[in-house]
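Thanks, everyone, for making the time. I would like to walk you through one structure this morning, so please have a look at it before I go on.

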Amino acid sequence: MKKIVAINASPRTKWNTSSLVREAAKGAEAEGAEVRIFDLYSLGKFTGCISCFGCKLPGHQGKCVYKDALTPVLESIREADGLIIGTPNYLGDVSAAFRSLYERLVFQALTYKTEPRSYNTHLIPVLFIMTSNCAEEAYDRIGYTDMLEKYKGTLSGMVGPTKVMIAGNTLQVNNYDLYNWTMFDPEAKKARHDEVFPKELEKAFSLGAEMVSSPW
Ligand SMILES: Cc1cc2nc3c(=O)[nH]c(=O)nc-3n(C[C@H](O)[C@H](O)[C@H](O)COP(=O)(O)O)c2cc1C
């Protein structure tokens with residue numbers, strides 16, 4: 001049975017990112033995979049890379065040696081056959097929790113040698129989901145496409161072949177009337193959430209299923 005790790009890197013465990021991650025997880029399960037879900041913001045304390053270089057010492061090469069709440073997540077990914085990971089766009093980038101995991105996940109695999117570049121010989125399919133206020137159509141113009149390409153390239157090389165799914169123009173709160181946010185049209189946000197978000201959930205499900213059942 002294939003093992004898939006699904007990670008929600010949004011602090012909200014029932015909103016856009018989490019819903020898409022969980023739907024992709026359901027798709028993987030529908031194809032017979034066993035899925036382990038982590039909500040990063042519900043774990044205990046953790047940090048990004050602390051620059052100890054333990055992962056480069058003989059005996060540990062390729063394994064982060066620092067112990068905190070990310071340790072079981074890193075171990076699960078090491079044993080997995082696929083990774084689903086979703087993050088909200090925070091200030092034009094990934095969330096801080098995503099970034100902490102990303103630093104630990106990627107840096108542990110870097111050999112600092114010209115060849116081979118990576119200690120990781122077990123490359124797995126990766127589905128990288130980003131949600132944002134910004135509509136997908138604006139990604140090129142404001143540099144988000146380039147930002148995502150950078151993550152995609154690094155994840156592909158160090159963790160495994162990566163597909164990116166974007167869900168833009170998300171509903172950020174249930175009641176926009178509470179805030180004086182003149183940037184948004186609450187009616188349009190709600191309409192989009194009702195019409196388009198369900199299709200994005202279906203897409204996430206399909207990608208999760210594909211990760212398990214088809215060549216990636
Ligand atoms: C701290 C913070 C920073 C954000 N920065 C951006 C941003 O730079 N660009 C953007 O498009 N959306 C931004 N957003 C909006 C979120 O990316 C968007 O609402 C996302 O879908 C939230 O995911 P969630 O519903 O899973 O929590 C930001 C939200 C927060 C809370």
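Predicted model: local features only at pLDDT ≥ 70, side-chain atom pairs only at ≥ 80, totals over all residues.

Let me start with where the ligand is, which is in the largest pocket. There are 17 residues around the ligand, and those that come nearest are Asn16, Thr17, Asn89, Thr131 and Thr170. If we sort that shell by class, we find 10 polar residues and 6 nonpolar ones, together with 1 that is charged.

Which atoms of the protein, then, lie close to oxygen atoms of the ligand? From the side chain of serine 10, an N or O atom is 2.9 Å from a ligand oxygen, while for asparagine 16 a polar side-chain atom lies 2.8 Å from an oxygen atom of the ligand. With asparagine 133, by contrast, it is a polar atom of the backbone that is 3.2 Å from a ligand oxygen. As for cover, the ligand on its own has 640 Å² of accessible area, and the protein covers 79% of that.

Moving on to the aromatic side chains, the count comes to 12 aromatic pairs. One of them joins phenylalanine 98 and tyrosine 102, whose ring centres are 5.9 Å apart and whose planes meet at 25°, under the 30 degrees required, so this pair is stacked. Both residues belong to helix H3, residues 96-107, and because they are 4 residues apart there, about one helical turn separates them.

Finally, the backbone. Most peptide bonds are trans, and most residues other than glycine have a negative phi. Here, however, glutamate 115 and proline 116 are joined by a cis peptide bond, with omega at about -15°, and proline 116 is placed in the loop between H3 and strand E4 (126-131). Serine 51, although not a glycine, has a positive phi of about 60°, and its place is in the loop between strand E2 (34-39) and helix H2 (71-79).

Technical notes: Residues numbered from 1 in each chain as written. Heavy atoms only, no water. Near = heavy atom within 4 Å. Polar contact = N/O pair within 3.5 Å; in protein donor to acceptor, adjacent residues only side chain to side chain. Areas by Shrake-Rupley, 256 points an atom, 1.4 Å probe, with all protein chains shown as cover. 1 Å grid on protein atoms, 1.4 Å probe; cavity = no way out; pocket = protein on both sides within 12 Å on 5 of 7 lines; lining within 4 Å. Sits in = over half its atoms within 2 Å of the grid points. Nonpolar A, V, L, I, M, F, W, Y, C, P; charged D, E, K, R; others polar. Phe/Tyr/Trp six-rings, centres within 6.5 Å; stacked < 30°, edge-to-face > 60°. Helix = DSSP H or I, 4+ residues; strand = E, 2+ residues; numbered from the N terminus.
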